[in-house]
Amino acid sequence: MSSGRKRLSLVADMTYIDRADYALFSGCMDIPENFDAIASRSEDTIDQLTQYRIRAQGFDSLAPFARDQIKKAVCAQCEYILNSGGLESANGGGAQSMTIGKFSISGPASQPVGCAVSPLAIQYLALTGLLYTGMDVMV
C-alpha cells in the first residue's frame with residue numbers, strides 16, 4: 001500500500017564542477033593540489049543551501065541556466081574557501097600567526113567563525129529558485 005509520498009533519491013557521486021570550470025570562473029591557472037577536497041566541500045555547502053534539491057532532481061535534468069548558476073555558485077564557494085585560508089579555516093581552525101614577506105600577523109588560534117558561505121554563491125543561487133524554503137501546495 002502506497003502512502004502517496006515520493007521517495008527522495010539522491011545521486012551522490014555526481015560533481016558539479018571540475019578544475020577546468022574553476023579555472024574559467026576564477027581566471028586562475030594555478031589551482032591548489034587539494035582542489036578536489038575544496039570543490040567537494042563547496043558542493044556540500046551548495047547542497048545544504050538548496051536542501052539537496054539539486055541531487056534529488058538530478059543536476060543534468062535542470063535547465064541550462066540553473067546548471068550554469070549552480071556551477072558559478074560552487075566556484076564562488078571554492079574561491080571563498082581559498083581566500084579565507086583553505087579548508088582548515090573553513091572548519092573553524094586557523095593559524096595562530098602568519099608571515100608573508102615582511103608582513104606578519106598573529107592572534108588567537110580560535111577566532112569566532114563568521115559566515116561560512118560565499119555571499120556571491122547565494123546571489124548566483126537566488127536566481128534559480130533553489131533557495132526556496134517554503135512549503136509546496138498539494139492539491
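Visitor: Is R55 buried or exposed?
Guide: R55 counts as buried, because its relative accessibility is 8%. Buried means under 20% relative accessible area, exposed over 50%, partly exposed in between (1.4 Å probe, protein chains only). This is a predicted model: local features need pLDDT of at least 70, side-chain atom pairs count only at pLDDT 80 or more, and totals for chains, interfaces and linings use all residues. Numbering runs from 1 along each chain as its sequence is written, and side-chain values use heavy atoms, without hydrogens and water.
Visitor: Where does R55 sit?
Guide: In helix α3, residues 53-57. Helices (H or I, at least four residues) and strands (E, at least two) are DSSP runs, numbered from the N terminus.
Visitor: What does the R55 side chain make a polar contact with?
Guide: The side chain of Y16, at 3.5 Å. A polar contact is a pair of N or O atoms within 3.5 Å; within protein, one must be able to donate a hydrogen and the other to accept it, and residues adjacent in sequence count only if both atoms are side-chain atoms.
Visitor: New topic. How many helices and strands in the chain?
Guide: Six helices and two strands. Along the sequence the pattern reads α-α-α-α-α-β-β-α.
Visitor: And what share of the chain is buried?
Guide: Buried residues are 29% of the 139.
Visitor: Back to single residues. Where is I100?
Guide: I100 is in strand β1. I100 counts as exposed, because its relative accessibility is 55%.
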